[in-house]
Amino acid sequence: MTAPQLSNEIAYNGSMKILIMEDDREAADYLQKAFAEAGHTAHVAGDGETGFALADAGDYDVMVVDRLMPRRDGLSVIAALRSRGNTTPVLILSALGEVDDRVTGLRAGGDDYLTKPYAFSELLARVEVLNRRASARESETVYRVGDLELDRLSHSVKRAGREITLQPREFRLLEYLMRHAGQVVTRTMLLENVWDYHFDPQTNVIDVHVSRLRGKIEKGFDKPILHTIRGAGYMLKGG
Amino acid sequence: MALSLPAIMKTTAARLSALYLLLFALCAVLLVLYMTSLSARMLTAQTQETINDEVLGLARAYQRGGLPVLVRVVEARSRQPGANLYLIADANGQILTGNVQSLEPGVIETEGWTTEPFSYQRFGEGELDRLRSGATDQPAPQTGDSSNTPQSTGEKGHNAIALVLRLPNQMIMLVGRDLGEPERFRAVISRALTLALGMMGLGGILIWFFVGRAALKRIDSVSDASRRIMGGDLSGRLPVTGAGDEFDRLSENLNSMLARIAMLNEGLKQVSDNIAHDLKTPLTRLRNRAEATLAGRHKIEDYRQALEGTIAESDQLIKTFNAILMISRLEAGYSSEQTGPVDLAATVSDVVELYEPVAEEAGVALEATAPEALTINGNRELIGQALSNIVDNAIKYSTDAAEAPKVRVVLERLGNEIKLTVTDNGHGIPDDADRARATERFVRLEKSRSQPGSGLGLSLAKAIMTFHNGRLDLLPANPGLSVVMSFPLRETH
């Protein structure tokens, strides 16, 4: 099992232009700095109105929007942008963080939802996945990562031409990892997208599922393909 | 407690008493005035009727024999005891006969009923010539105004009303009746009024003293007790007299509120103690690790490892805080918006599927029996979380089983309840008290202290069950433990 360095792996994805709408100066500065370290450019808007103006004028890849902001709250900014045809992916940050808050946030036009306090690695992973330029694989029927191949129609998985038999859940797990190949995928992202649950499991349930899957797609092959990113999650990466 | 007057007037009791007193007094005065005027009018009407009868009799006498007969009749009647007033005078006002010695000036100048009572004197009470001088000096018919006539000053007359007639030969006849009776009536009424007002005032003060002050005292005792309780004595309670009145009910309600506050306070204290205990350990560890890493000389890899450990530890702390937050939210009632049909059988298979690899790795056989699709109204996320917490625990604690470790998840319908039971065959919790405590926040039974976890898993599951109007019961399974989630069949949330 290899553990590539976090920042190197993220830089692989290319630079993004991120808009941060956050009224807490310190938090916003920290985010801006952390995004810059990960190789992205981030702009900060300290209130809803400024955020709306910046988002409306600029061409951002992803927006990180705090729900509670002065002058205009995050949800109304998102709704206003959406009604103007702005489809920039939005990650909502919230201190409220309950199931229904998440639902109202997503209903308002948000694409993902993260509750404060959060780990930056989690936020970064989610922002990378949201990046619309990276999520163009949605329509592809066959995913290929290195010598690994997944056919979404026939539900078959091959590596180096060899058929691999997967359980339905393992298939969905691999499908998600392959769709976001080259990107860090966190445990909670997997639980959300593969199992459709949004809570923190008490034990390493996801790790065990991933290591099972890893056993099936790496055993007998010389090269590791499913990497563990320490302190963050997993990444599927060939070559 | 000695109170000054302004202080007394500040009390609600005194203010209410004063207000009622004022209102009742006003009503009484109005009533008495109305009755007095009514009675006076009735008495006047009666007097006038009597006089009319008199005049009719005199008129008949006049018709029968002219003036001489009239004079004779008048003289005869005048002499009767308690007689009416009679007076016959010539056109100049010279009194010819009758029983009136003097009159207020001007009375006989006008014909018809006197408009107001006038004063007069009978024979033997004053001088006759006063009538004339008064009548000539003041021809104006101002019957009431006699302030400048010597007769009415100093001498005490009687009041009367009278009918003044002019006989065909220009002579004047006056028939009147003394008003002694109405005057006495008025005196009685005014005495009654004074008495009534006095009684009312006294009554008001008595009411204030006995009723108002009693209420005031009860309120004072309630506010004294509240002040004591606010001062920190949370075990203090408000006095209940046992009378079962409003004050008792108020005190009882406030007492049960205090009991609830004390309970919440106790819970809060316990939670803060537990938070202090359970979070102090990881926080201290976090700090010590950072300190130790900074102290020595290390390779860059060691620093990285220390930081990663710090992050992992912080994540665990965040998880704990989130769980605390969630429990509080659920206990506070949570929003019921996000509920809908939840297929419990699907939830069971989801969670079992999620935990199956973990169980297998731990060498625990995880089995599920969900015979039918049982749907309730609830929150899928929350129920899934509760079940996974319970299954998580069951797997952890079955590993020390005497036989092959096994965890069974059974979904069934029993009577009007849906039961979701997770049973392990580990050591269980043999002690009844321990079992009861296991769902309390942060309680980690001694044997489990070594296991990872926040001690919030079962508390969260319990809070989730309460949110779904259900129950969470821990039962001995011999060996092992059964955790039962009971949902009411007609679940409404």
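A:V64 stands opposite A:L91 in strand 4 of chain A, with strands here being DSSP runs of E of at least two residues and helices runs of H or I of at least four, numbered from the N terminus. The model is a predicted one, in which local features need pLDDT of at least 70, side-chain atom pairs count only at pLDDT 80 or more, and totals for chains, interfaces and linings use all residues. Residues are numbered from 1 along each chain as its sequence is written, while chains are lettered from A and ligands numbered from 1 in the order in which they are written.

To stay with that strand for a moment, strand 3 (residues 62-66) of chain A and strand 4 (residues 90-94) of chain A run parallel and pair over four bridges; strands count as paired if DSSP finds at least two bridges between them. Strand 4 of chain A is mostly covered, with five of its five residues buried. A residue is called buried if 20 or more other C-beta atoms, placed from the backbone, lie within 10 Å of its own, exposed if 12 or fewer do, and partly exposed in between. In a regular strand the side chains alternate between the two faces of the sheet. Both faces of strand 4 of chain A are covered, with A:V90, A:I92 and A:S94 buried on one side and A:L91 and A:L93 buried on the other.

A:V64 turns up again in the largest nonpolar core, which has 111 residues. Such a core is a set of buried Ala, Val, Leu, Ile, Met, Phe, Trp, Tyr and Cys residues joined through C-beta atoms within 7 Å. The residues with the most contacts inside this core are A:I18, A:V64, B:A386, B:V391 and B:I464. Helix 8 (residues 380-398) of chain B gives the most to this core, nine residues. Neighbours within four places in sequence aside, B:A386 is in contact with B:L460, B:A461, B:I464, B:M465 and B:M485; contact here puts the C-beta atoms of two residues, placed from the backbone, within 7 Å. A second, separate core has 27 residues, among them B:A89, B:I95, B:I108 and B:I161.

Next comes helix 10 (residues 457-467) of chain B, mostly covered, with ten of its eleven residues buried. Those buried residues include B:L460, B:A461, B:I464 and B:M465. They pack against helix 6 (300-331), helix 8, strand 13 (471-476) and strand 14 (481-488) of chain B. After helix 10 of chain B comes B:N469, with a positive phi near 55°.

As for chain B overall, its secondary structure comes to ten helices and 14 strands. Of its 493 residues, 29% are buried. Among contacts in chain B with a separation of 6 or more, 67% join residues 24 or more positions apart.

Where the two chains meet, 21 residues of chain A are in contact with 26 residues of chain B. Helix 5 (99-107) and helix 9 (205-218) of chain A each supply at least two residues of the side of chain A that touches chain B. Helix 9 of chain A has the largest share of that side, four residues. By class, the chain A side has ten nonpolar, five polar and six charged residues, where Ala, Val, Leu, Ile, Met, Phe, Trp, Tyr, Cys and Pro count as nonpolar, Asp, Glu, Lys and Arg as charged, and the others, Gly among them, as polar.

The axes of helix 9 of chain A and helix 7 (residues 344-362) of chain B come within 8 Å and cross at roughly 80°. Axes are lines fitted to C-alpha atoms, for helices over the stretch in contact, with angles running from 0 to 180 degrees between N-to-C directions. That makes the two helices roughly perpendicular, a label for 65 to 115 degrees, with angles under 35 counted as roughly parallel, over 145 as roughly antiparallel and the rest as oblique. A:V205, A:V208, A:H209 and A:R212 meet B:L354, B:Y355, B:P357, B:V358 and B:E361 there.

Within chain A, the axes of helix 7 (residues 168-179) and helix 9 come within 10 Å and cross at roughly 90°. In this contact, A:E170, A:L173 and A:L174 of helix 7 meet A:H209, A:R212, A:L213 and A:K216 of helix 9.
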